[in-house]
Amino acid sequence: MFSGTYIYGMDRKGRVVMPAQFRSQLGAPFVLTRAPEQCLLALSTSQWKALVQRYEHSLLFRGYYLASAVECQVDDTTGRFLVPHVLREYAELKAMDEVAISGVGRAVQVTSRARWETHLQAGEFPSLGQLDLDLEVPRPVETQPYVQKIVRPLGLPVIRCAGRMHQRAVRRLIVTLMKLLEEKPPLIVLDVRDVGETNPGMGLVLTLTQPQRMEQRVPVWVITQDALPPDAGVTVFRDAEELFWKLEELRPGGRRPLAEAPEAEEDTMPMVTGQLECG
């Protein structure tokens, strides 16, 4: 995740520093292309290759992003990279001007300091446009083959998933869930923080397993930062720490014993007994 803003001067040759913090994540070379509102966008080569492969038939992508994309090498000593003349003209970056290099989540935005300060004062910042909304810039992990692994901390089954959740991945996860449901565990945890296309993929997984989950009365706790379709048997957590604090509340001797939990929680959360051991 890229974050923070750094101000550097552009030299007479059109070179500017890429912060070390960003260089370590972008890699070298990285891809620089134009973005809405006279900004430039830097992406890692793995992100860029995934976008090219995924949207090679998109006229918008080819005409707006691909046509202006260049690979940028970084000087190992100074950390500077050259902004090509065409992109400097588009972003109105001039020699000896100050440039704002900003981390905007999954990419790095390059713009003039004057334009960045104007947006800062107005409280309105340029979005990543199509790359952020329609194209959904993938994280590098989202372009990798799907893998999953079952671990059992505290004796509870946890399915850790990573990679792109394509159709075969959805089927594989469903089969795994169905097998775990046969064990009738107190609950099943799904960690899908490193999964691409989480919303549609998990929507199918939860829909197709719902009858068995409800019949077995086994709740599913999902760790994800994405929104999931409503499901009475599913609880969403944004990170593992939040999930384990909730688990601690429900265990005997925790901050709130199960006997004192609201009736709605008792209906959806079978008792987690004191027999659970770290495994």
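# A walk through a predicted model

For the protein, the mean pLDDT is 80, and 80% of the residues reach 70 or more. This is a predicted model, in which local features need pLDDT of at least 70 and side-chain atom pairs count only at pLDDT 80 or more, while totals for chains, interfaces and linings use all residues. Residues are numbered from 1 along each chain as its sequence is written, and side-chain values use heavy atoms, leaving out hydrogens and water.

Let's start with the sheet. Six strands make up an open, antiparallel sheet, in the order E1-E7-E8-E4-E3-E5. Strands E1 (5-9) and E5 (70-72) sit at the edges with a single partner strand each, so one side of each has no neighbour in the sheet. On average, neighbouring strands here are turned by 30° against each other, direction ignored.

Now zoom in on E8 (residues 108-112), which pairs with E4 (residues 39-43) in the antiparallel sense over three bridges. Here Leu41 stands opposite Gln109 in E8. Further along E8 comes Thr111, which is buried at a relative accessible area of 2%; buried means under 20% relative accessible area, exposed over 50%, and partly exposed in between (1.4 Å probe, protein chains only). Leaving aside neighbours within four places in sequence, Thr111 is in contact with Gln38, Cys39, Leu93, Val99, Ala100 and Trp116. Ser112, also in E8, is buried too, at 10%. Not counting residues up to four places away in sequence, Ser112 touches Glu92, Leu93, Glu98 and Ala100.

Glu92 deserves a stop of its own. This residue lies in the loop between helix H4 (85-91) and strand E7 (98-103), and its phi is positive, about 55°, although it is not a glycine. With 45% relative accessibility, Glu92 counts as partly exposed. Another loop, between helix H1 (20-26) and strand E3 (30-35), holds Pro29. The peptide bond leading from Ala28 into Pro29 is cis, with omega near 0°.

Next up is a hairpin: E9 and E10, with six residues between them. Five bridges join E9 (residues 147-151) to E10 in an antiparallel arrangement, and Lys149 has Arg160 in E10 as its bridge partner. E10 (residues 158-164) is mostly covered, with five of its seven residues buried. In the turn, Leu154 has a positive phi of about 60°, and at 15% relative accessibility Leu154 counts as buried.

Our last stop is helix H6 (residues 167-182). Its 16 residues reach 23 Å from first C-alpha to last, close to the 22 Å expected at 1.5 Å a residue; that expected span is 1.5 Å times one less than the number of residues. Buried in H6 are Ala169, Val170, Leu173, Ile174, Thr176, Leu177, Leu180 and Leu181. They cover an arc of only 165° around the axis, so they are on the same side of H6; the arc is that of the directions from the helix axis to the C-beta atoms. On the other side, Gln167, Arg168, Lys179 and Glu182 are exposed. After H6 comes Lys184, with a positive phi near 55°.

How values were computed:
Pairing = 2+ DSSP bridges. Helix = DSSP H or I, 4+ residues; strand = E, 2+ residues; numbered from the N terminus. Axes fitted to C-alpha atoms, helices over the stretch in contact; angles between N-to-C directions. Contact = heavy atoms within 4.5 Å. pLDDT = per-residue confidence, 0-100.
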